[in-house]
Every structure is written in structure tokens, then in C-alpha cells.
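Please open the structure in your viewer and keep the selection panel within reach. The tour moves from one selection to the next, and at each stop it says what is to be found there.

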Amino acid sequence: MKARIHVTLKNGVLDPQGKAIEHALSNMGFGGVDEARQGKYIELDLAETDRTKAEASVDEMCRKLIANTVIENYSIELE
Amino acid sequence: MKSAVIVFPGSNCDRDMAVALEKITGTKPLMVWHQEYDFDTVDFIALPGGFSYGDYLRCGAMSARSHIMKEIVKRANAGVPTFGVCNGFQILTETGVLPGALMRNAGLHFVCKDVEMTVENTGTMFTSGYKAGETITIPVAHHDGNYFADDETLDRLEGEGHVAFKYTSDINGAQRRIAGVVNAKGNVLGMMPHPERMIEPALGGSDGRVLFESVMNRLG
């Protein structure tokens with residue numbers, strides 16, 4: 001089973017890299033981008049075949065390492 | 001005073017810290033590799049600056065989960081004076097021993113210069129040698145020193161005197177210009193500036209020396 005994890009900064013946390021992307025896009029002539037936020041994407045190949053168990057285990061991995069919940073949110077997709 | 005400097009792959013201020021500790025305390029510190037599970041009882045633990053694990057995932061994230069950090073968290077929670085500088089500060093926030101997180105500098109640039117900061121609380125074992133409200137000069141060298149915590153945490157830190165140092169001007173976007181914080185017990189300090197690089201006039205000043213002397217005086 002594959003887990004796809006997105007880690008994003010929480011609302012209200014300043015994202016200077018996202019801001020730089022936003023400015024670069026605007027300088028390149030791309031209009032209409034109100035905001036850019038940068039995050040991380042992580043893929044895991046899991047040996048687990050039980051969806052519920054996999055979800056619980058990946059959630060724990062996110063809480064304990066993959067995301068820093070002081071500043072970040074995460075979402076998990078299993079496939 | 002017996003001290004230990006913890007060394008991770010990618011630490012690069014471990015020797016600066018060791019030299020400062022030896023010069024000031026008169027005793028060579030123990031250098032402890034991150035894969036150790038245990039080490040001798042010491043009076044003071046230092047987590048040095050650097051780029052441990054290449055800052056992979058987040059600064060300090062990998063080191064915070066290393067074998068040795070389990071032991072250090074245990075000792076820090078038991079009251080052993082523990083001091084994290086720069087990457088060491090990032091590691092301490094990643095373990096949750098200190099509140100908040102260190103994010104990419106708001107200006108995106110690596111900041112490497114001497115900065116002024118004020119001593120916000122002289123009641124801690126790390127700051128008792130400074131005068132209240134004193135402005136001191138200590139070098140910084142970091143890309144991720146932008147201190148972040150939610151407003152509730154920041155209010156609590158300020159209200160309870162857990163902010164040890166504040167920059168006199170905004171150098172990296174840190175919330176409320178916070179440069180260093182102590183834990184609730186007061187035995188753990190984390191800070192972005194490098195006092196170990198300012199311990200004698202030959203290095204440009206001695207403002208950092210006072211911090212180590214404060215700890216020494218407290219430990220007797």
C-alpha cells in the first residue's frame with residue numbers, strides 16, 4: 001500500500017518561501033496569483049495491507065516525525 | 001564543572017563549544033557521539049550549532065529522534081542544566097523540551113553577523129551574571145532562526161519570564177524578536193546566537209563568557 005502525505009504550514013504561519021514564489025510568478029508576468037504556500041510531499045511504500053492499521057500507523061509517523069505540529073498540518077491519502 | 005558536548009553528523013560548532021567550556025571551566029568536556037545510548041554523569045550538557053543531518057526534513061528533526069536525545073531529554077527533564085545553541089536550539093524545540101519552532105528566516109537570507117540583544121530575565125542559571133535589561137553583543141549564523149509559537153504560548157513565555165534574550169532589532173522575523181527561551185523549570189536554555197564564539201577579547205568580545213560563568217557560579 002502506498003501512503004501519500006502532504007505537509008503544509010498552518011494558517012497564520014508566515015511562509016517566506018511561498019512569498020518568494022508568489023513574487024517570482026508575479027515578476028514573470030503571471031497575474032492573478034493571490035498567494036503561494038510551499039509544503040512537502042512524502043510517499044511511503046507500506047508492507048501493511050489493512051487500511052485501518054496503515055492509516056493509524058502513518059498518522060503516528062506524521063505526528064512523531066514527518067510533521068512538526070507546532071507549525072504544520074498534514075494530510076494522508078492511502079492507495 | 002563536568003560538561004558534555006553532543007556531536008551529531010553535521011555539527012560544526014562542537015569544537016568551538018568544547019574550547020569555550022574548557023577555557024572557562026578548566027575541564028575538558030566529554031564529546032559524546034549521537035549513536036551513544038548513555039554517557040557519564042555530567043553537570044552540564046551542550047548541544048552545539050551546525051547542520052546536523054544536513055537539515056533534512058526540518059532543522060534538528062532527525063537529531064531530535066537520535067538515540068542520544070532520548071537520554072538527554074530524560075536528564076534535562078530531571079533537572080540537568082542543558083544548553084542548545086543554534087542547531088542545538090532547533091533540536092530542543094523538535095524534541096518538545098522547549099516550546100515553539102525555528103523557521104526559515106523571514107528575509108530568506110542566511111544571517112551571519114554580530115547582533116545586539118537584551119537580557120530579558122536575569123533570574124535564570126544561565127543569565128544571572130548579566131545586569132537586568134543589559135544589551136549584549138553575540139554573533140549569529142543561521143538560516144532558520146525565525147522563532148515561532150502561537151500567541152498564547154508567546155504570552156505565557158513572556159509572562160512567566162521564560163524569554164531569556166531578545167534581539168534589539170528584527171534580524172530574522174522571530175516572533176517578538178525572541179532570541180532565546182528557557183523551559184518552565186529554568187534548567188534548559190535554547191538560543192540562536194553563539195555565546196561560545198564571544199568568550200574573550202581576541203574573538204571580538206566577552207559577552208558570551210558571562211553565560212558560562214553564570215552556570216558555573218550556580219553549580220558551585
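In this predicted model, begin by selecting I6(B), A46(B), A164(B), A179(B) and M191(B), which, of the 69 residues in the largest nonpolar core, touch the most other members. Another core lies apart from it and has six residues, including A3(A), V58(A), I66(A) and A67(A).

Return now to A179(B) and show what surrounds it. If its neighbours within four places in sequence are left aside, A179(B) is in contact with M117(B), F165(B), K166(B), Y167(B), A174(B), M191(B), M192(B) and P193(B).

Next, select strand β9 of chain B, residues 163-167, together with strand β10 of chain B, residues 178-182, and you will see two strands that pair in the antiparallel sense over three bridges. Which residue of β10(B) is the bridge partner of K166(B)? The partner is I178(B). In general, the strands of a sheet pair through backbone hydrogen bonds, and they may do so in a parallel or an antiparallel way.

Move on to the place where the two chains meet, and colour them separately: nine residues of chain A are in contact with 13 residues of chain B. On the side of chain A that touches chain B, the largest share, three residues, comes from helix α1 of chain A, residues 16-27. By type, the residues on this side of chain A divide into seven nonpolar, two polar and no charged.

For the last stop, select T69(A), which sits in the loop between α2 (51-66) and β3 (72-78) of chain A. Is T69(A) buried or exposed? It counts as exposed, because it has 12 C-beta neighbours inside 10 Å. If you also pick R51(A), which is 18 residues away along the chain, you will find that the C-alpha atoms of T69(A) and R51(A) are separated by 24 Å.

Definitions and conventions:
Residues numbered from 1 in each chain as written. Chains lettered and ligands numbered in written order. Predicted model: local features only at pLDDT ≥ 70, side-chain atom pairs only at ≥ 80, totals over all residues. Helix = DSSP H or I, 4+ residues; strand = E, 2+ residues; numbered from the N terminus. Buried ≥ 20, exposed ≤ 12 C-beta atoms within 10 Å, placed from the backbone. Contact = placed C-beta atoms within 7 Å. Nonpolar A, V, L, I, M, F, W, Y, C, P; charged D, E, K, R; others polar. Core = buried A, V, L, I, M, F, W, Y, C linked by C-beta atoms within 7 Å. Pairing = 2+ DSSP bridges.
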